[in-house]
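Me: I would like to go through the labels used for this model and ask what each one rests on. Please set the values against the cut-offs.

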Amino acid sequence: MALHMKKHPGQLTVVIKLGTSSIVDEKTHQPLLSILSLIVETAVKLHQDGHRVVIVSSGAIGVGLRRMDLDKRPKHLPKVQALAAIGQLRLMSLWDQLFGHVRQPIAQILLTRNDIADRTQYQNAQNTFVELLNMGVIPIVNENDTLAVTEIKFGDNDTLSAITAGMVQADYLFLMTDVDCLYDKNPRTHPDAKAIEVVEDIAELEVDVSSAGSALGTGGMSTKIVAARLATSAGVTTVITKSSKPGNIGAIIRHAEAQKAARLSSRSSVVNFQDEGVPLAQTAALNLHGANHAFNPSSSTHYDTPARTPSPQIDAEPPLHTRFLPIAHPIRDRYFWILHGLAPHGTIYIDHGAWQALSDKAGLLPVGIVDVDGHFAQQEAVRIFVVKRLPSASHHAQPSAAPPTPSRNSHYQHVHPGLDRSTSSSMIISPPQYELHNPAPFEIGRAVVNYSASELRRIKGLHSTQIQDALGYADSEYVALRENIAFFGVDKSRPTTPSFNRSTNEHGEAH
């Protein structure tokens, strides 16, 4: 059972993510004490102002390189993991010394994706965060590189920080990097590059992301945008700003909170524009814009300024940064865990009838499944794609001995860019049962399934009463219960990264 975080009015939860290049020098691997000291000063100041702070810190491998007098990161995985074990100890010792000077207690939390793949373990990690924050402790989070391999890694600490922000229901996630903000072009080669301060829809973002990260780190600007997409889906305002100026964090928060208060206080005037003689079409546009920023009671962000209170002054020139605004209807708790805590092991394709039934809170029945890809077991997570079933396709197509067609493989890699090509090439599947291009399949979410991939291939298109005849048993009439299905946000910037309310299951036909 998840514990509740005790938050006072006006109290914010802030997650600060630091990359390896912000912690150690890229060439000498010497800890950057000046930046680390400023981070400590900023975190303590936020804490003294009544806010909660979580730090996601990379740097274990970089510190390990310094300790062992090595020039560059090795390629052999066991050596990298050994360096992480050496460096993590010294990195936490360094954090403890710096915070110890101001008598601020800290805690270490090391995670891999396996640690949160189980729902109970996810809640245990969440409860640990809650208790630490309630105790006034600043948790310092890192991926457990000593144990992590490709299959259980988050990929980079940008993703880890976004998942952490979702777990603690943070108000702000700061992705500290070596640039002040995002630009529409690379400012190093284009003097006319323009800074991007606010991003409302990541899908419409036009920005140069050619930066590939440091020699020691694993992230780059593109991973930060992916992390921003994930965090904003959980209702977290995400900020990219310069790591060498951590003092800007407080000023950016004040500026953003002032803008929120100003929008909140202007809501009443938006709904009354038509009374002032504004044309109807313009009123609709204004109301639509206002709805995108309307107060959401389920959000972790707190609006403490009543609508009748004059809005605070907004700084004319806030520190340079890029701020990604959260979606209007955040994904919470169990659904956030299904979407981002679990790594998908395959894909199921459903028709529009099944999608409509799921939208009406029904569970997913086999009759609505058009096709299956990948190798997955019962109770594992899968992607859900909606497709247009071909008129000539039968509801229960048998697997074919022929290999996949080139067009199918090409499409499969297009819609699953992160999936191992060997997974699909080793499968024996029938020709496509659905339209590949017009319309193209689109991903809607994730599901934890009651049947394995091989079982689903045998029962796809069947009614639930036929499962017993097809398999010789029927563990469930549902392929996935509604409470085990989570959807991405309906906005254009729905997150597609690889991993607190629970709905009740409603029975219904999914086709």
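**Labels and their grounds**

Reply: To begin with one residue of this predicted model: beyond its neighbours within four places in sequence, N157 is in contact with K17, V56, S57, S58, N142 and E143. N157 lies in helix α6.

Me: Why is N157 called buried?

Reply: Buried means under 20% relative accessible area. N157 has 9% relative accessibility, so the residue counts as buried.

Me: What makes the pairing of the side chains of N157 and S58 a polar contact?

Reply: The limit for such a pair of N or O atoms is within 3.5 Å. The side chains of N157 and S58 are joined at 2.8 Å. The side chain of N157 also makes a polar contact with that of N142, at 3.0 Å.

Me: Why is helix α11 described as largely enclosed?

Reply: Of the 9 residues of α11 (residues 333-341), 9 are buried, so the rest of the structure largely encloses the helix. Among them are R334, Y335, F336 and W337. The cover over these buried residues includes α4, α5, α6, α7, β14 and β15.

Me: What makes β3 and β8 edge strands?

Reply: The open sheet has 8 strands, in the order β3-β4-β2-β1-β5-β9-β10-β8, with mixed pairing. β3 (106-111) and β8 (198-199) each have a single partner strand, so one side of each has no neighbour in the sheet.

Me: How do you know that β8 pairs with β10?

Reply: Pairing requires at least two bridges. β8 and β10 (residues 322-324) run parallel and are joined by 2 bridges, which meets that requirement. V198 has R323 of β10 as its bridge partner.

Notes:
Residues numbered from 1 in each chain as written. Predicted model: local features only at pLDDT ≥ 70, side-chain atom pairs only at ≥ 80, totals over all residues. Heavy atoms only, no water. Buried < 20%, exposed > 50% of the residue type's maximum accessible area, 1.4 Å probe, protein only. Helix = DSSP H or I, 4+ residues; strand = E, 2+ residues; numbered from the N terminus. Contact = heavy atoms within 4.5 Å. Polar contact = N/O pair within 3.5 Å; in protein donor to acceptor, adjacent residues only side chain to side chain.
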